[in-house]
Amino acid sequence: DAGVKASLAAAFSLSSWCLSQGVLFLCDSDWETEYELCLRCHSKCAVSQNVIGEHANALKSLEPVFQYGKTLLDTMEASLTFIEVQSAQGNFKEGLKSGLELLAELGQTFPPNPSQSDIVEEFGRVDRLRKSTDMESLLEKEVEDPLITSAIKALTVLIKVSFRQNHTYFALFGLRGAELSLKSGVCLESPMLFAMMGMLQVRMQRFDEARELTSFALELIKRSKDTVNLPRVFVTIYATIYPLLESMHLSAKQLKHGYEVGIKMGDADWGIYAGYCFVSTAIRVGDDLQALLIEARQLQSHAMAFNHELTGPVMHLVQVISNLCDENIVDATVIVPEIPTRKIEGDAPPQGMPDFVHIGQIYMYRLFLSYLFGRYSEAHDVVVARESFVNKIPHRHGIVADETFYTGLTVVAVAREKGDDTLLVQARQCLEKMEGFSKQCKHNFEHKQRLLEAEIAVYDCKYDEAASLYDDAIRIAGEHGFIHEQGLAHEKAGSFYYGLSRSKSLQHFECSKKCFLRWGSPRKVRDLEERYAPRTDSGAHQEKFKI
């Protein structure tokens, strides 16, 4: 009882110790006389051990459950814990295999080698069911069949495993879980599955349907007052769906909440995922970098303490923020440990490199830093390298607009340096995509669209149009709270006006510095002074330009 109460209070180290002590008093013969006690003690002990990263001990605690457990439902918690342990240890293939076997026992079968056509078929069937279902009534309808509840729980656990192992199963598991909830009623895991379906709607550019499904998922969370599943639901919605549909500032706030809830409630796995997505989003919306660096380092400590698979990627985010904050750093574009910027062939990343999702994140921030600090040729190398594997990254909705924006700016800058008009084809393609993003959410993307339009207009020698577009980008970025991109727009306007009006150019550079100081990036301010101070027309102006 003490161990279970400790786990309910998210004191999982204490819970593990109490339950481990209880297990020591049990022997094999007790499974005949004290079956429920043995089952509960071993199963709960494994759960707590898994949470605190004692994976080997968790597997040992599970052995008697599989040996003496009488029914499928009796061993269900142990089976799900086993899959989670396999995932935590990086054994995604084994975890997926075990999960498929468990689902088959629960009456949920899947093709052995699923294809994209299987996703299309499953999606069509589930979407037709959704349209014919009274969703308002479904809010009040709970699952009654324990086997269906167990299947939904298993599908929810397997979503994360399949994300790393087989992206086709990833979609199929989410769809099947949503189907079961639509047919049989909802349980605590259902919000995650409807959010997953919303993610797939975004992938198909069915944005109205995505909004409806995410609203439904959030309403389920609100009504159930469930905090256990909240981090995974918030990651799905606010890291992959909302960045294209609603304010990214809201996404950052909610992801931070998901991170805090996950750590508090003992779901360190999804909690750290929420924390990682929070920091990544906060960088891209222009949150205060000095405060964010403290939070990122705290996240890094949590990831290391739980031996989390995101420890490396979190370290990369800390490096990005440190590069922007440290005025004295020599090369602010380096992300350590260094991963070579190169094309990646084949369906799997080279040995020693992280998976495509995290390689994509690293390349995205390398593109961002290289462009921000005027290393346009290096930024273009990243653009070319990313094209070799970007289609292998599943569900990258959260960063796709930023990728498009900085890719467009980069190819314009390189085209200007090289006098290569052919690069403008890609820039105009990026602009067309940014117009689509802006149509879905002006708050996040309108200023980006205007700035990219301005840079293309300068290249096309449409100077009056460019001047107006720079003003729009600066104003809208400020109104919507993207202080770093307001600073970037001022910087580009300052460069534009250099040959037209020195006083106006200097004014924009001064405003750019103020924006980047408010962002918390003295290193970017130093970059401005080093790259643009020589452009002033007198020593007095040069002195004024410096802080």
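F194 touches M135, L138, A178, S181, L182, V186, L213, F216, A217 and L220, leaving out residues up to four places away in sequence; contact means heavy atoms within 4.5 Å. The model is predicted, so local features need pLDDT of at least 70 and side-chain atom pairs count only at pLDDT 80 or more, while totals for chains, interfaces and linings use all residues. Residues are numbered from 1 along each chain as its sequence is written, and side-chain values use heavy atoms, with hydrogens and water left out.

F194 and F368 have the most contacts inside the largest nonpolar core, which has 157 residues. A nonpolar core is a set of buried Ala, Val, Leu, Ile, Met, Phe, Trp, Tyr and Cys residues joined through side-chain atoms within 4.5 Å. Buried means under 20% relative accessible area, exposed means over 50%, and partly exposed lies in between (1.4 Å probe, protein chains only). A second, separate core has 15 residues, including C38, L39, A78 and V85. In soluble globular proteins, nonpolar side chains tend to be buried together.

The protein contains 29 helices and 0 strands. Helices (H or I, at least four residues) and strands (E, at least two) are DSSP runs, numbered from the N terminus. Of the 547 residues, 58% count as buried. Among contacts with a separation of 6 or more, 68% join residues 24 or more positions apart.

Helix α14 spans residues 230-240 and is mostly covered, with 11 of its 11 residues buried. These are L230, P231, R232, V233, F234, V235, T236, I237, Y238, A239 and T240. K225 is found in the loop between α13 (207-224) and α14. K225 counts as exposed, at 73% relative accessibility. Its phi is positive, about 55 degrees, although K225 is not a glycine.

Helix α18 (residues 289-305) holds H302. H302 is buried, with a relative accessible area of 19%. Not counting residues up to four places away in sequence, H302 touches Y259, I263 and I272.

Axes are lines fitted to C-alpha atoms, for helices over the stretch in contact, and angles run from 0 to 180 degrees between N-to-C directions. Angles under 35 degrees count as roughly parallel, over 145 as roughly antiparallel, 65 to 115 as roughly perpendicular and the rest as oblique. α24 passes α25 in a left-handed crossing. A crossing is left-handed if the near helix is turned anticlockwise from the far one by less than a right angle, and right-handed if clockwise.

On the α24 side, the contact involves E446, H447, R450, L451, E453, A454, E455, A457 and V458; on the α25 side, it involves Y463, E465, A466, L469, Y470, D472, A473, I476 and A477. These residues divide into 11 nonpolar, 1 polar and 6 charged. Ala, Val, Leu, Ile, Met, Phe, Trp, Tyr, Cys and Pro count as nonpolar, Asp, Glu, Lys and Arg as charged, and the others, Gly among them, as polar. C461 lies in the loop between α24 and α25. C461 has a positive phi of about 65 degrees although it is not a glycine.

L452 also lies in α24. At 0% relative accessibility, L452 is buried. Its contacts, not counting residues up to four places away in sequence, are F405, G408, L409, V412, A427, C430, L431 and M434. L452 and M434 are 18 residues apart in sequence, and their C-alpha atoms are 8.7 Å apart.

The second pair is α27 (residues 502-519) and α28 (residues 522-532), which pack at an angle of about 160 degrees with axes 9 Å apart. α27 and α28 are therefore roughly antiparallel to each other. Their crossing is right-handed. F509, S512, K513, F516 and L517 of α27 make the contact with K524, V525, L528, E529 and Y532 of α28. The contact residues comprise 6 nonpolar, 1 polar and 3 charged.

Residues from both of these helices also meet L372. L372 lies in helix α20 (residues 356-372). L372 is buried, with a relative accessible area of 3%. Leaving aside neighbours within four places in sequence, L372 is in contact with L324, L488, F516, W519, K524, D527 and R531.
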